Structure formats: C-alpha cells, structure tokens
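I set down here what I looked up in this entry. The notes follow the order of my reading.

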Amino acid sequence: MSSTLQFINVAINPSDHCKVTGGTQDNGTWSNLDGCNNKTWTQIIYGDGGNAGYDATEPTWRFNEFTSGFSDSNFRDGDPERWVITSAPIVNSGEGPAFYWPQIGDPNPVPGTHPIYSGAKHVWRTWAFGAGHPGSVPQDTIPDITFYEANCPEFVVSGSDPHCGDYRPLGGPYCDGLASTLTIPSCINQPAT
C-alpha cells in the first residue's frame, strides 16, 4: 500500500478486530484481508472510496461508497469481482447527497435484519444490506445475493438501474405528501416480521 493514500474512513469488522476496510480519496477501497499478521492492504474495489463498512452479523459482508450517492455491497469478503450495485434508489431520487455522505451499517441490528443507513436529504435505510427486492412489502430483511450477483454486478450494470437496490427514505416531506404510506412501498418503515 502506498503511504500517500488519503483514507476517508476505516471500518473494523465487528466479528474480527484484525480485519479493517477503508475508503480512500481517488484510490478505491482497501482492506487487510489476512488480518493482524498481514501488513499488506489490497484494493478491493476501484474508484473514489468513501465510507466503507461491514454487516454486524455476517463477517464477510461489506459495503463501499463511491461519490454522488453510488455505493455497492459485497457478500464474498471483499472479492474484487463480486461487488453489486445497491444504491440506485438513492441515486434516482435526485436528492444529491454530499460528495461523501454519512453511511453506516447498524452495529446493533434488529435480529434477522442487515440494515445500512445512508444520508442524503432523507435518511435512507435498507434492511437487507442493500440487496432486497425493490418495492417489496414488507421490506425484505434478507438479501437476494444470487439475484444481485447475476443482475447487478458493479462492472457491467448502470449504477442507476432501478432493479439494483432496496433503500427507502424514512419519513419527511418525500412521504408526507403521498396519499397513503400504506400503498407506497418506499414510505413503509417497518421490517418484515
């Protein structure tokens, strides 16, 4: 790893304090895949690396952040060829988050869920680590990894593909003006039970 990388953040794997992932300005997301005994970091995804993180209960699940609302999830311990697009709802909303924006995996999730919170003009949440079915009611809590790896791979699909991502805004004017939040899936805030 170059000593000139500018880290935007680092995230510690909640299941293994020796594994760390971090996004770097203009140089992608990096990780020490072999843990405490390895001082070599590997670039696991290209591009602008913003906030990165892990799922609280699945130690091989990670997410990254690029810029302008684009982010991916990875269910294969950072395998550089297995990143999937998950942020299309935020990108397509027009909310235009900051260059790097607040994004975090919930460290204490509701059992059976895999939430990531992402901040644009609303707080957006996924219960399925970004990879649930868009519009599912109730919102999915388990990612459809097979579908996303087949249909939303980072390197060949547009980051705004409406099939790639299940984030939904939480409350506020986006939902307040709608006729009924019971019929608008993007405004339903409860996890599946």
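Which residue in strand 8 does serine 73 stand opposite? I find valine 84 in strand 8 opposite serine 73. I worked on a predicted model, where local features need pLDDT of at least 70, side-chain atom pairs count only at pLDDT 80 or more, and totals for chains, interfaces and linings use all residues. Residues are numbered from 1 along each chain as its sequence is written, and side-chain values use heavy atoms, with hydrogens and water left out.

Strand 7. I took strands as DSSP runs (E, at least two residues) and helices likewise (H or I, at least four), numbered from the N terminus. Strands count as paired if DSSP finds at least two bridges between them. Strand 7 (residues 71-74) pairs in the antiparallel sense with strand 8 (residues 83-85) over three bridges, and with strand 6 (residues 62-65), also antiparallel, over four. The bridge partner of phenylalanine 63 is serine 73. Ser71 and Ser73 point one way from strand 7, Asp72 and Asn74 the other, and all are buried (under 20% relative accessible area; exposed is over 50%, partly exposed in between; 1.4 Å probe, protein chains only).

Disulfides. I searched the whole structure and noted two disulfides (cysteine sulfur atoms within 2.5 Å). Cysteine 18 and cysteine 36 form one, with sulfur atoms 1.5 Å apart. The torsion about their S-S bond is about -85°, so this disulfide is left-handed. Cysteine 152 is joined to cysteine 164 at an S to S distance of 2.1 Å; this link is left-handed, with -90° about the S-S bond. Both cysteine 152 and cysteine 164 are buried.
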